[in-house]
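Welcome! Please take a slow look at the model shown here, and then we will walk through it together.

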Amino acid sequence: MSKLQNWSNTLVLLIATLGFGLVVSGCDSGGTSPDSNNLGDVSGAITGQVIDNATSNPIEGAKVVVAVGSLDTDGKSFSATTGSEGRFAITDLPATTADDGSNTGEDPSAEYGIRVETPDGSAYRDAYRGQVELAYGNNETGAVELGANITFPLQKNNGSLSGQLSVSSSDAPLRNTELRASQTINTGFTAEGDAKSGELTVTTTTTTDEQGSFTFENLVVGNQADLYARFNDGTENPVVNDNGSVDNTVSIPDEGSAASVKKFVVVPDLTATLDPAPETDFGTTEPEWTLTFNRPVAGVTTDDVEEALSIGQSTIETKAVDGSGNVELDVSATTTEGGAIESVSWSVAEPLSDGVTFDVRYGNLFGQIVGAQYGVGVNTSSIESSPLSYSIGANTNAPATPSVSFQPSALNDDGELTAGSFNYNDATVTAPLQVDEVDNSAAEVKGYEVFYSSQDIREDRSEPGTQFQQFEFNSSNPNATDGDIILASNAEFGNGRLTLSPSTGSSLPFAAADDGSYGDVQFTVRAVSINNERSAFSDTLTIADNDSLTVVDRVNRNTEYTDNDTDGNPVELTVKFEEPVDESTVAADQFSLDNAGSGGLTIESVAEVNNTKVSAGATGEVVLEISGSSSNTSDDVLTVNAEGVTDLAGNPVEVASGANEDASL
């Protein structure tokens, strides 16, 4: 059997592999395979026809070249030229050595590369290459001739397309931009036997001029072409209508040129990158900046840049160059041969003081800039709005470790967090923290970062050192920067204390998600210098559930009886609490019943303790087994020992108003 696989030349990309069954002649079926040592007795032939793809008319004068092994090696080649009927025949093809593509195993075969060269002066695309493998059939003599019969339909590439493209949402033409026309064509290879079709993607390129005009030549006729603009950043965008909808497919007729294209292209954003970025701290008193555009810009000069830039320190803003000994800037730019600016650099003319914070302002500089190529304005989303904050901290020491405590307003007379401030069922915890004093003794402090650890975090993160996470602040918080840093400049009385009130973002931070177990919430703080050095972490502050355990409906004295007996006597009493209870503190003698009825009820034992899993409003239930009878349970009074049953944090039952040790319901 024989096989054919289609390749592409350097102008095309093969996107489908062709496999063909080819005619095998000159041998009888049956018998054994020939001896692989007798390859000199074997010869092969490839015959076929070259025709026009559109008309099926034969093409005379096309040259068919066959090389032993591959077209890309130095194997011996054979050729034939088509006659008036477009037919060709190449015979006496050798099956020799492995270097030439032969396989000398038990079922040897010979491989050949094949190419069609179109006649001189014709309009046909020379895009036909293939690989043929001629394999042995079974025979008795060892001498066999192998044959492949192939048809090559050629397509003309004398189509053309022209037009003019503009920039979407702009009046500017799409200047000096590479365009790509992509066509998918049928390869047209066919062969006798198990023939399959395949496709090639053919790419043709051109470039628009200053007016956005373009012309494509040598397009394959009878096919559609998809148009794309290719940009210097490696991206491609399709041609679109003015409303942005993709409309980039054009038909290339068999005769004549395609209709002229007048459409639009969306160009990549014109952006600016500032190095170093805002919020950077310089390790030198002579800072420098570079503003780089992703493509050249027009509309401004270096004089415009000098006029727009300024540096402000504290409440004083100085012009970039004012000749008065204030902060002066040296400004320069790199430009194209046409004068368009590619990047702008500036630096201070004289060193600045160490340990200062300052702003860079650029006025309406970006409002004046347009892209030199496409005329669109700068997208400044990558650069924060003016002013841009910087600092100089040549001191690279780590700042002092902060001293952190709870705010006095959150404490009782004993210096402890006021009872009832935090409850197991709290969805979040807001920590009333304060930095006791901003300590600049080691290095000037820019601000503070706050970290916390809660029960749900510790459950998910078993690795030591990973059980704290940083509070996320943003610029909407007046006391923070976008770097999640509470600014030291907000400290009261200048260098005094700084109050912090971070809130946990987790749901029910006192609880573990799986089983509702209890855990406290811990906080620690570290200082950040103006040179972005970090201190060691402060001592850890802990907030626990300090709210007493409350029985459901204590005020209404409403407990729940569950009667599972057919005679109407109660056998179980369920006591409900507003949060989970510590099961180890639950015992029958922690509960008592004062029965005002005629029969008398007695608590025998604790049947079960049910704590709900973590959710908003998690609860605890104690089910008591009781005996006796009562004709009217509405007169019964349940008493819970206030010093006995506790919640998971060890808080006792809330004592009823006017009672001493017991909570009566």
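Is Asn 218 buried, partly exposed or exposed? With a relative accessible area of 46%, Asn 218 is partly exposed, because that class covers the values between the cut-offs of 20% for buried and 50% for exposed. You can find Asn 218 in strand E14, which runs over residues 213-219. Its backbone deserves a look too: Asn 218 is not a glycine, yet its phi is positive, at about 60°.

Ser 56 gives you another example. Its phi is near 65°, again a positive value in a residue other than glycine. Look for Ser 56 in the loop between strand E3 (43-52) and strand E4 (63-68). Ser 56 counts as partly exposed because its relative accessibility is 48%.

The backbone has something else to show you at Pro 276. The peptide bond that leads from Asp 275 to Pro 276 is cis, and its omega is near 0°. Pro 276 sits in the loop that joins strand E19 (270-275) and strand E20 (281-282).

Now let us step back to the whole chain. This is a predicted model, and its secondary structure comes to three helices and 44 strands. The protein has 665 residues, and buried ones make up 44% of them. Among the contacts with a separation of 6 or more, 70% are between residues 24 or more positions apart.

How far can you trust each part? The mean pLDDT of the protein is 75, and 71% of the residues score at least 70. Confidence is highest in strand E30 (residues 404-406), at 94, and lowest in strand E2 (residues 12-14), at a mean of 25. Residues 97-107 have a pLDDT below 50, and in the model this stretch makes 21 contacts beyond near neighbours in sequence. Residues 657-665 also have a pLDDT below 50, with 29 contacts beyond near neighbours in sequence. Where pLDDT is low, the predicted coordinates should not be read in detail.

Next come the aromatic rings. A pair of aromatic rings is described by the distance of the centres and the angle of the planes. The structure holds 13 aromatic pairs.

Tyr 390 lies in strand E29 (residues 388-392) and Trp 289 in strand E21, so here the parts tied together are 101 residues apart in sequence. Tyr 390 counts as buried, at 3% relative accessibility.

How many cavities of 30 Å³ or more does a search of the whole structure find? The search finds three. The largest cavity has a volume of about 60 Å³. Ten residues line the largest cavity, and Leu 274, Leu 291, Trp 346, Tyr 362 and Phe 366 lie nearest its centre. What kind of residues make up this lining? The ten are nonpolar, with no polar and no charged residues.

Let us finish with a loop residue. Ser 168 is found in the loop between strand E10 (159-167) and strand E11 (178-186). Is Ser 168 buried or exposed? Ser 168 counts as buried, because its relative accessibility is 14% and the cut-off for buried is under 20%. Leaving aside residues up to four places away in sequence, Ser 168 touches Asp 242, Phe 264, Val 265 and Val 266.

How values were computed
Residues numbered from 1 in each chain as written. Predicted model: local features only at pLDDT ≥ 70, side-chain atom pairs only at ≥ 80, totals over all residues. Heavy atoms only, no water. Phe/Tyr/Trp six-rings, centres within 6.5 Å; stacked < 30°, edge-to-face > 60°. Helix = DSSP H or I, 4+ residues; strand = E, 2+ residues; numbered from the N terminus. Buried < 20%, exposed > 50% of the residue type's maximum accessible area, 1.4 Å probe, protein only. pLDDT = per-residue confidence, 0-100. Contact = heavy atoms within 4.5 Å. 1 Å grid on protein atoms, 1.4 Å probe; cavity = no way out; pocket = protein on both sides within 12 Å on 5 of 7 lines; lining within 4 Å. Points joined across faces, edges and corners; volume = space filled by probe spheres on them. Nonpolar A, V, L, I, M, F, W, Y, C, P; charged D, E, K, R; others polar.
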